[in-house]
Amino acid sequence: MPDAPGWLQGRVAIVTGAGRGIGRATAEAMARAGAHVVLAARTPSQLEAVREAISTSGGAATVAATDVGDGREVDRLFAVAERVGAPTALVCAAAVLHKVPIEATTSQTWEETLRINLTGTFLCCRAAFGPMRRAGGGRIVNLASLSGVYGTEKFPGLAAYNVSKYGVVGLTEAIAVEGRAHGITAICISPGAVDTQMLRRANPQLKAGLTPARVADLIVSLLDGPITPASGANIPLFSNA
Ligand SMILES: NC(=O)c1ccc[n+]([C@@H]2O[C@H](COP(=O)([O-])OP(=O)(O)OC[C@H]3O[C@@H](n4cnc5c(N)ncnc54)[C@H](OP(=O)(O)O)[C@@H]3O)[C@@H](O)[C@H]2O)c1
């Protein structure tokens, strides 16, 4: 698949976590770049608000309420997208964060965090391979975090979250390797503090250095640009500066 500006124009793109925060801003930016965006998260009312905002601005979007940690729901999400056209762009932004000290972290919290943040990203990337391969290629962006980058400051209470994000970084490298033969690229974005509900709940004292819109603009410029040689990379984002 050739690298060219405007790659998103006319594409069908799936964005998970599209109901709010970084996922919402990314879905809106991708729609502005000309993609038909399929919006996935669990809360239908939030997805409907995003669809309406996109449509009011002249863009195209479809709502597909989905729990990304459930394989059958992910299959349904891709079936909804296929009815619009082959999904050849995927952004995985869905995640949860439960702030709990390690000794108080229940197996349930641990498993839920890994199921949504890591297995959910795996299930979506795996489901994307078929349509992307058949279309001759595709582009994936996964949201990890500085919490999953070695050597950056870590915060207490985030063991499950941090481990899930280390996993997403590794998963993206694996997808880049296996995707190469099929023209499928995968990039990981690892932001620091972004001004969203997740950050405000987890760490209200932490000053956000990034806005969802800035992260969204970067994701769109990566998807629209000559991304192929960077496939497998993890890009840490420290601030708006
Ligand atoms: N904010 C930050 O400072 C920051 C920093 C680094 C990385 N990140 C990463 O950036 C991504 C977006 O985070 P955010 O800050 O925008 O979070 P957010 O505002 O809490 O939004 C998270 C989105 O994910 C969806 N979601 C959660 N569980 C889901 C599930 N099981 N299935 C489908 N959708 C699900 C949520 O909707 P429902 O609850 O309705 O499903 C929501 O739309 C995440 O991967 C996060 O880890 C954020």
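Strands β1 (residues 12-16) and β4 (residues 87-92) pair in the parallel sense over five bridges. Pairing requires that DSSP find at least two bridges between two strands. Helices (H or I, at least four residues) and strands (E, at least two) are DSSP runs, numbered from the N terminus. V15 stands opposite V91 in β4.

The model is predicted: local features need pLDDT of at least 70, side-chain atom pairs count only at pLDDT 80 or more, and totals for chains, interfaces and linings use all residues. Residues are numbered from 1 along each chain as its sequence is written.

The open sheet holds seven strands in the order β3-β2-β1-β4-β5-β6-β7, with parallel pairing. β3 (60-63) and β7 (234-237) are the edge strands, each pairing on one side only. On average, neighbouring strands are turned by 20° against each other, direction ignored. Angles run from 0 to 180 degrees between N-to-C directions of axes, which are lines fitted to C-alpha atoms, for helices over the stretch in contact.

Helix α2 (residues 44-56) lies across β2 (36-40) and β3, at about 165° to β3. Contact means C-beta atoms, placed from the backbone, within 7 Å. Helix α3 (residues 71-84) lies across β1, β2, β3 and β4, running at about 165° to β2.

In helix α5, the buried residues include A160, Y161, V168, L171 and I175. A residue is buried if 20 or more other C-beta atoms, placed from the backbone, lie within 10 Å of its own. The buried residues of α5 pack against α4 (107-135), β5 (138-143), β6 (184-191) and β7.

Notes
Two residues are in contact if their C-beta atoms, placed from the backbone, lie within 7 Å. A residue is buried if 20 or more other C-beta atoms lie within 10 Å of its own, exposed if 12 or fewer, and partly exposed in between; C-beta atoms are placed from the backbone.
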